[in-house]
Amino acid sequence: MKLFFYLLLFLFCFSINLAESSGQSPKESDYYIIDPLPIPEDIIIEAGGLVFNEHGQLAVATRRGELWLISDPGSENPIFERFAQGLHEPLGIAYRNGSYFVTQRGELTRIEDRSNNGTADSFKTIYSWPLTGNYHEYSYGPKLLPNGEMLVTLNLSWTGRGSSLIDWRGWMLRITEDGKMIPWATGLRSPLGFGVNEEGDVFYAENQGDWIASGWITHLEEGDFAGHPEGLKWTDLPSSPIGLSIDDVDDSHGLSIQEQAQNIPELKLPAVWLPHGIMGISTSDILLIENDDQVGPFANQLLVGDQGHSKIMRVSLEKVKGKYQGAVFGFREAFSSGVVRLEWGPDNEIFTGMTSRGWSSTGQNSFGIDRLKWNGVIPFEMHSIIAESNGFTINFTKPVDVETASKIKNYQITSFRYKYHRQYGSPIIDRESKIINRFEIAEDLKSVRLYINEMREGYIYEIKTQDIISNTGTGILHPVGYYTMNYLPESEFSIALEKPHEEMATIIDSSKNVLKMPANWNNGADLTIQLGTLPGLRFDMDEITVEAGSKVALTFSNNDDMLHNFVIVQPETADLVGTHAMKLGLEGAELEYIPTSEEVLFHTSLLKPGEVETIYFVVPEETGNYEYVCTFPGHHLNMRGILKVI
Amino acid sequence: MFKPIPDRLTLLIGFVLILCCNRHTNANEDISVLPLNKISFEDLDAFNILGDNWKIAGGIQSDYQIKNSMMIQDGTGTLVNVPTANSRNNLFTKLQHGDIELKVEFLIPKGSNSGIYLQGRYEVQIFDSWNVENPVFSDVGGIYQRWDKSRPDGKKGYEGHAPIVNAGFAPGLWQEFHILFRAPRFDDNGNKISNAKFEWINLNGIRVQENIEVTGPTRSAKFNDEVAIAPLMLQGDHGPVAYRNLQYKLFGNSGHLSLKEMQYTIYQHSNRYMPDFDTLKITKEGTTSFLNPDSISQQNDHYAITYSGELDVPVEGNYLFQAQVNNGGDLYINGDRIIHINGQERNATNSNITYLTEGTHQLIFHYFSTGWGGPRLSLWYEGPGIEKSVLGAEIKESTRQIHEPFIIESDSTSSRIGGFINDSGGIRTHVLSIGHPEKVHYSYDLNMVSLISFWKGPFADVSGMWVGRGKSQLLVPLNATIESRIEVPIAQLNTSADLVDQTIFDQLTGKGYTINDDGRPEFSFKYQGISVNDEIYPSGNAYTLIRELQYISNRTHENIVSRIAHADSIELLPNGLYRVDGQYYIRIHKSSGQKASIVDVNEMQTLTIPILMDENKSEVRYDIIW
């Protein structure tokens, strides 16, 4: 038990000094260096799986069905050799004793080079599963378990919603090397990433969609149901470890997932939510930090990749009431393409397998492999957040500066949760800013204990430590963490202070989003525009020409399978507005990613897949090249066009 | 059995179909067009007879290696031409045609030549162009050149159109043309105002001509003038040929269906089922000339509409109606429900055929939209002499991205690609396709351990897989494909019912393939302790495939057979080859010493060879020729 040196400060008894310095502002690149692995121009490495063999070669499975072996992958002159071809979109690879294990769309395959001539010559089916032909039936893995078995996950099909059209779609399967398959857990929607922590427990990463309000990682045990009901279609098959039926899951009562779990014991709550748009938009691989020499003092924590935001996040976990829960923090962004796979290299580099074909990413390359290396300098970070019955303890990687850490306004806590429903995504609901009653700084200056009232189970807590600096004057690298409070620890004692909480509301400026034809448009609109989307994050028109001062009715049909909006902005401000939208944080979802700014002229709502909205606006009198853009986080770099006012 | 490369439009529709049908749950046979009219080959009544070189026959066989070989069986159903020194006439239909959709099968022996002359004037060439790599206008699928004697030598022939690709098969196999032709147009004074035009020609399911205008009759045409209607001519003066299944539709001059007095009522409606309209709240009413919900609704979704009005029918006959809606819709004509789409799928399509008399009919369309993709209602129709067209809607440009082809060549080395294959049974999902520099290629179902299809010439388009998200995941062969319909190449033959695949499919283990020293895959699996090895490879530069099947067991077996073809009909030809469905030949190499036999199974036929009877290793080797 840690000793706290007592430093009690009440909320109202300090003054605010706005002019205070927050120390030097650190950058991720001060600690973690991204170095793209050079790939010859004629080789397309749309990486779906990465693994090292015992010769230090990096084996890469690509979406075009090839396996490449890269010798000296850490060097400036890596050598590429094609090892295999003819696989069907492999999205994962493992290696053991001379054999590669690859998950293709329709089967788990063992691949070997028996003649030892440097190319694969044996492709043996270990286990094959049926497919309907729906493109969304991705299959991922395998991960090798210590007992020799392998884990594979099967994505849901897409029929305007996540559907399980055929056996075991939406499941994690356990498969033995001799081809015996044991269905393990379901409730999965788009389980591209999964991994094993130091305890050998399995976690998978989920992507936002119907029933899935936001990305998450969940600890999966045999018989678990993670939340998307479609996979429950197959629970009447004899080998199913779950008896729950699809009809047992009902969203008509407006319960949160944590409230539903009270009625459905099989329903496993996410260990950590990754709030959508803030902690990524398309969660990918999970990688265990094995020791403190790899990326800093984060041994046993997990890294989680994100395709759309081209970044990696870090997760600290603890067990409360026997279940994993914890916090997610930023770790490193600005990879060169969509991060799909994470793998440790021999020198503690992280190799990222990347592709963004079909799903654009903030990293502009369509594919690649980046190498991420820690330079040995420990960043000042929240190391972890620990739940307390009446607050949190924040552990830092370095001693804090007592002065900045003693200002209660430097800690901000907001709790919120999501809806659990068949619709795509969810707004942030029940948001409350929490009042911190008091805090304590630990004797070693590396922990701060925060006391707050009315801790609630089933909520996510945003914890901000923006202006706290280390005792050597370094600013905090990632000043925000999100803790998922499924279970409150048993209380030691409680100090209950009656403080009303503030209900928070965000208001969207409705004059920029007119959904009914204005009454004074007697002759209707001068121009009607139909706008749709193209796959790969594009509008179906790159340029729209309108007359200055004309009345326009614009119908935006979101015929894509992810969320989009349409925002008209002042000339040359799409980047500004898009970047602003990405930084809206928790308010983002509520504002539908429309920043409150003069640059934004008109916009639609944030449309779910298949939704359509017509907005009415009068074109500005000033001619010029205005821009339009989707400001959903991560989309603005590609999804934009010119509104030519003549 | 022909596997067409879809054109762009059908590719787009294909995307939609792929989502809703598959091998496991085959959708009902989709009627999307009216049936064609057949010309009977029971007798020659449909033709104006000139001479006796044309006659009605039953089956036709031909030795693909012997010039002009034609073995004619008595019977009906086939129209055959064997020209002699005295009689080598062309054949004219009594049918006169202008715009026409034409479908016909033909068989041509080695070295022979014929042609289909639209309006007796514009020739689509039939020729033994077997294995010609760079076809010209005079090869099969070409539009023959025009001829002007007054031009200097070497320039007399002009305006020939080579086929896009040589989609022809070997001599003695049945092939198929499908043609959409437009006759020339004339003004009231008889002056030509537009040329005759081939909208498209498909040979064996592959587009070989597209959008080709012909400025006048081609060489050897019967007539030198051009007219609005004229008979079809089958060329009989060059060499032997056979035709069967001649079908057509004539278009033009019947006017169009039109909607009149259309009224609409919009209701609030939010669930996914067709409502009882009497109970709904009306939000808007009015008149319209279109069925387009976008143009009248103020909401984006969650509403229902009833359209009701009059349908003006210009000529009596069978009409096909086809609706595509998001989400649900019912079409009623005169109170009968013609089309029902229940709204449970996105963008569902359904169609039906109904007989309508000339005059005015009552039309009602009930529609509802509940989101997912936005409102969409499109209605098409086709009628007697009327080409398929849109009824009562503004045609919206598709916003779907059309991908450029992503062509995989196999010029210098062989290519292996994993990807779905579309065949007559739906989508095959566990498939490896192999392209060879020898220009013969095949697809193999790894799960069903069966050779599924083969083709020659250019290899494959993978844009459905490797561009964007790859929503179809299809590998599309770039030439006319034969579906082998061979399933698992082994069976336990106690009764012929054992040849139905499901009975053994669950007993197959150890599937996979190895790459041999020649860089070719050898597929393998086990069945009842028998190890089966299956290798398929090009035979030098002969444009044929060789298949080698090896069966090894630690004992002898009874009633185990190698199964090498499964088809509607398998014929043993006098030259010892088997002709499968009239589509390809099998030449069995004498190796195992056992005799092949044709077994009838469930109204189909299977070609089998007994194996492992008194040996514990059997080999079966055969050529596939097409």
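**Exercise 1. Against which elements do the buried residues of α4(A) pack?**

Before we start: this is a predicted model, in which local features need pLDDT of at least 70 and side-chain atom pairs count only at pLDDT 80 or more, while totals for chains, interfaces and linings use all residues. Residues are numbered from 1 along each chain as its sequence is written, and chains are lettered from A in the order in which they are written.

*Step 1.* Find the helix: α4 of chain A spans residues 574-582. Helices (H or I, at least four residues) and strands (E, at least two) are DSSP runs, numbered from the N terminus.

*Step 2.* Look for their neighbours. These residues pack against β42 (567-569), α5 (587-590), β43 (600-603), β45 (624-629) and β46 (640-645) of chain A.

**Exercise 2. Is Gly118(A) buried or exposed, and what does Gly118(A) touch?**

*Step 1.* Count: 10 other C-beta atoms lie within 10 Å, so Gly118(A) is exposed.

*Step 2.* List contacts (C-beta atoms, placed from the backbone, within 7 Å). Leaving out residues up to four places away in sequence, Gly118(A) touches Glu81(A) and Asp113(A).

**Exercise 3. Which strand supplies the largest share of the side of chain B that touches chain A?**

*Step 1.* Size up the interface: 36 residues of chain B are in contact with 38 residues of chain A.

*Step 2.* Find the contributors. α1 (8-20), β32 (415-418) and β42 (508-515) of chain B each supply at least two residues, and β42(B) gives the largest share, five residues.

*Step 3.* See how β42(B) meets chain A: β42(B) and β10(A) pair antiparallel over three bridges, where pairing needs at least two bridges found by DSSP. Here Tyr513(B) is the bridge partner of Phe123(A).

**Exercise 4. Which strands stand at the edges of the six-stranded open sheet of chain B?**

*Step 1.* Write the order: β22-β21-β23-β28-β25-β26, with antiparallel pairing.

*Step 2.* Read off the ends. β22 (282-287) and β26 (336-342) of chain B each have a single partner strand, so one side of each is left without a neighbour in the sheet.

Technical notes:
A residue is buried if 20 or more other C-beta atoms lie within 10 Å of its own, exposed if 12 or fewer, and partly exposed in between; C-beta atoms are placed from the backbone. Two residues are in contact if their C-beta atoms, placed from the backbone, lie within 7 Å.
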